[in-house]
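Reader: I have a structure open and would like to learn how to read it. Could we go through it feature by feature?

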Amino acid sequence: MSLAANDDRTQPPLAASDPPPRVAADPSVIVSYVLRVGVFSSAALLVVGMFFYLISVGGQAGDWRTTVNDVGDHSQLHHVDQLLADLARFEPLAFVELGVIVLILTPLLRVAATVLIFARERDRLYVGITFVVLAVLLLGWFGLGGGGLANLTAEPIC
Amino acid sequence: MTLWLFMLIVLGAAFTAGLVGSLVGIGGGILIVPLLTTAFGIPITYAVGASIVCTIATSSGAAVAYLRDHIINLRVAMFLELATTIGAISGAYLASIVNASFLFVLFGIVMLISASSMIVKFGEELPQGVVNDSAANTLRLASSYNDRKLGHIAYQVTRVPVGFGIMYVAGALSALLGIGSGAFKVLAMDTAMRMPMKVSSTTSNFMIGVTAAASAGIYLGRGEVNPLLVAPVALGVLGGAMIGSRILPRLSNIGIRKLFTPILLLIAAQMILKGLGVNVFGS
């Protein structure tokens, strides 16, 4: 079976009702599924967080500008410890922040899934290509002191 | 204005950005950033953070359906992503020695010229007489997709080195100028490599999220991602992109090209004006 190419497929593209066996055999569909899990978890966290946040501020939400700037100034996205503590206290905005992080991780997730699928297909050339892409991405996040998640526990730059 | 109304407006604008972006293969930041900075006076750092999240949401929200429907060419995406990521690294190193204004004007003009080549091809539903070049054969890039209107479409891929070169430049530009490189990605695949428009826009859609993710961590680390801004942007864009990805299979390649061309002109105009120091859109 060829990856990414679907020369051997003639059925309509809609796969919503496909039985699990075919899903398991089809690389694109597996990456699609992995991505869907990431997207829906992120959306769920965002919806729940925003819902409880807006309920909690309720009628006393004044001018939007003050509120948005205030939240921006106190954003915990760059402090993992603080984020975990806020999640434990069911702080609504912490769930929003976690949702954003999950969303930002979905592209990495999809490249990682693609590496595994090419590997399963024993497609060495594309395992190599995709692995380099993944490595560069991870380097951008964790390596070379170039910022990214490496800075998450440090003091914010600005 | 109350917080609720603000959220609703941002949500609506983000929905539109996700819808349009998912159809033509761009990130939608071009629609979100001007709204946030010009209309609402949001600081540019927060707006750019929101724009990056917008690109990732467009990409991930739509790619779910595009992958399942086998429109995306995964090999082309990964091979070209190699060029984009290497380009992005070079761009980061070049940032201190190049003149950004000059690049904005130069590549704005390149886009204008590309738009004219798009207009020439306005009536072309599928590229005709494309034959694999040797790189496409070695890399097994030729593929096929199921078109709801045209049936099973097998296509070949040509001028792969040119496409790879454009992607390298696109990656460098996104690092240098902070512009989304979706438009250049679509152009590389449609105009240089002569892939079908739907395959070009969906494959670009898959790639822009990966490119944006490379720099997203930096914005996150700097605290430039404001949850109250990003949440309505992400949710609106995800909704728009999911609906857009269901609409795309029903459109013709000509229809998508007609939607893409004016957006290309808009981006070109924005780049040239910015290069000349006219800051119309605030970014």
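Reader: Which residue of strand 2 of chain B is the bridge partner of B:N146?

Author: This is a predicted model. In it, B:N146 has B:H152 as its bridge partner in strand 2 of chain B. Another residue to look up is B:S143, which stands opposite B:Y155 of strand 2.

Reader: How many bridges join strand 1 and strand 2 of chain B, and how do these strands run?

Author: Strand 1 covers residues 143-147 and strand 2 covers residues 151-155; five bridges join them, and they run antiparallel. With three residues between them, the two strands of chain B form a hairpin.

Reader: Where is B:R159 found?

Author: B:R159 is in the loop between strand 2 and helix 7 (160-177) of chain B. With 18 other C-beta atoms within 10 Å, B:R159 is partly exposed.

Reader: What is the phi of A:F90?

Author: A:F90 also has a positive phi, about 55 degrees, although it is not a glycine. A:F90 belongs to the loop between helix 4 (80-88) and helix 5 (92-120) of chain A.

Reader: Which residues is B:P196 in contact with, leaving aside its neighbours within four places in sequence?

Author: B:P196 is in contact with B:L126, B:P127, B:I153, B:Y155 and B:N253. B:N253 lies 57 residues away from B:P196 along the chain, while their C-alpha atoms are separated by 7.2 Å. As for its place in the chain, B:P196 is in the loop between helix 8 (182-192) and helix 9 (197-221) of chain B.

Reader: Is B:P196 buried or exposed?

Author: The cut-off for a buried residue is 20 or more other C-beta atoms within 10 Å. B:P196 has 26, so it is buried.

Reader: How do helix 5 and helix 11 of chain B pack?

Author: Begin with the angle and the distance between the axes. Helix 5 (residues 100-120) and helix 11 (residues 253-275) of chain B pack at about 160 degrees, and their axes are 8 Å apart. An angle over 145 degrees counts as roughly antiparallel, and these two helices of chain B are therefore roughly antiparallel to each other. The crossing of helix 5 past helix 11 in chain B is left-handed. Their contact has 17 nonpolar, five polar and two charged residues.

Reader: How many helices and strands does chain A have?

Author: Chain A has six helices and zero strands, and its pattern along the sequence is α-α-α-α-α-α. Chain A has 158 residues, of which 39% count as buried. Among its contacts with a separation of 6 or more, 59% are between residues 24 or more positions apart.

Notes. Residues numbered from 1 in each chain as written. Chains lettered and ligands numbered in written order. Predicted model: local features only at pLDDT ≥ 70, side-chain atom pairs only at ≥ 80, totals over all residues. Axes fitted to C-alpha atoms, helices over the stretch in contact; angles between N-to-C directions. Helix = DSSP H or I, 4+ residues; strand = E, 2+ residues; numbered from the N terminus. Parallel < 35°, antiparallel > 145°, perpendicular 65-115°, else oblique. Left-handed = near helix turned anticlockwise from the far one by under 90°. Nonpolar A, V, L, I, M, F, W, Y, C, P; charged D, E, K, R; others polar. Buried ≥ 20, exposed ≤ 12 C-beta atoms within 10 Å, placed from the backbone. Contact = placed C-beta atoms within 7 Å. Pairing = 2+ DSSP bridges.
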